[in-house]
Amino acid sequence: MVKITLLTLLCLVLGFVQGWAASRFYRPDYVAGFHVGMVQGALMPAALPALLMGKDVPIYAAANVGRLYKVGYILGINICGTLFFGVAMWQSRKQPAEP
């Protein structure tokens, strides 16, 4: 039950951050760099619920600096996946009490 609660909270936080960031980083005149790529990559999985519900949310900046942005985007996805699955697969190290 604790894992489900933590994963739900993590998804909610990512969803709110994605909504906040989308309005600030997806302007037509903005050219995204490495750091923005990392943020957008980390928040990309949070866009799935909105996309499934029919809202067209951006997940990638078309106006970017090129390879450096893409490296940041991939790192962001991997860091987010590591954190998400790290929480999902985390097991308590408590030893059972011996009789």
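**Confidence, pocket and burial**

Helices are DSSP runs (H or I, at least four residues), numbered from the N terminus. The chain averages a pLDDT of 79, and 81% of the residues score at least 70. This is a predicted model: local features need pLDDT of at least 70, side-chain atom pairs count only at pLDDT 80 or more, and totals for chains, interfaces and linings use all residues. Residues are numbered from 1 along each chain as its sequence is written, and side-chain values use heavy atoms, with hydrogens and water left out.

Now the largest pocket. Its volume is about 250 Å³, the space filled by probe spheres set on grid points joined across faces, edges and corners. A pocket is an open set of points on a 1 Å grid over the protein atoms alone, where a 1.4 Å probe fits, with protein on both sides within 12 Å along at least five of seven lines; lining residues have an atom within 4 Å of a point. There are 14 lining residues, and Cys 11, Pro 45, Ala 46, Ala 47 and Pro 49 are the closest to the centre. Helix 1 gives the most to the lining, with 4 residues.

Turn to the loop between helix 3 and helix 4, where Asn 64 is found. Asn 64 counts as buried, at 18% relative accessibility (buried means under 20% relative accessible area, with a 1.4 Å probe and protein chains only). A polar atom of the Asn 64 side chain lies 2.8 Å from the backbone oxygen of Ala 61.

Notes
pLDDT is the predictor's confidence in each residue, from 0 to 100. Helices (H or I, at least four residues) and strands (E, at least two) are DSSP runs, numbered from the N terminus. Buried means under 20% relative accessible area, exposed over 50%, partly exposed in between (1.4 Å probe, protein chains only). A polar contact is a pair of N or O atoms within 3.5 Å; within protein, one must be able to donate a hydrogen and the other to accept it, and residues adjacent in sequence count only if both atoms are side-chain atoms.
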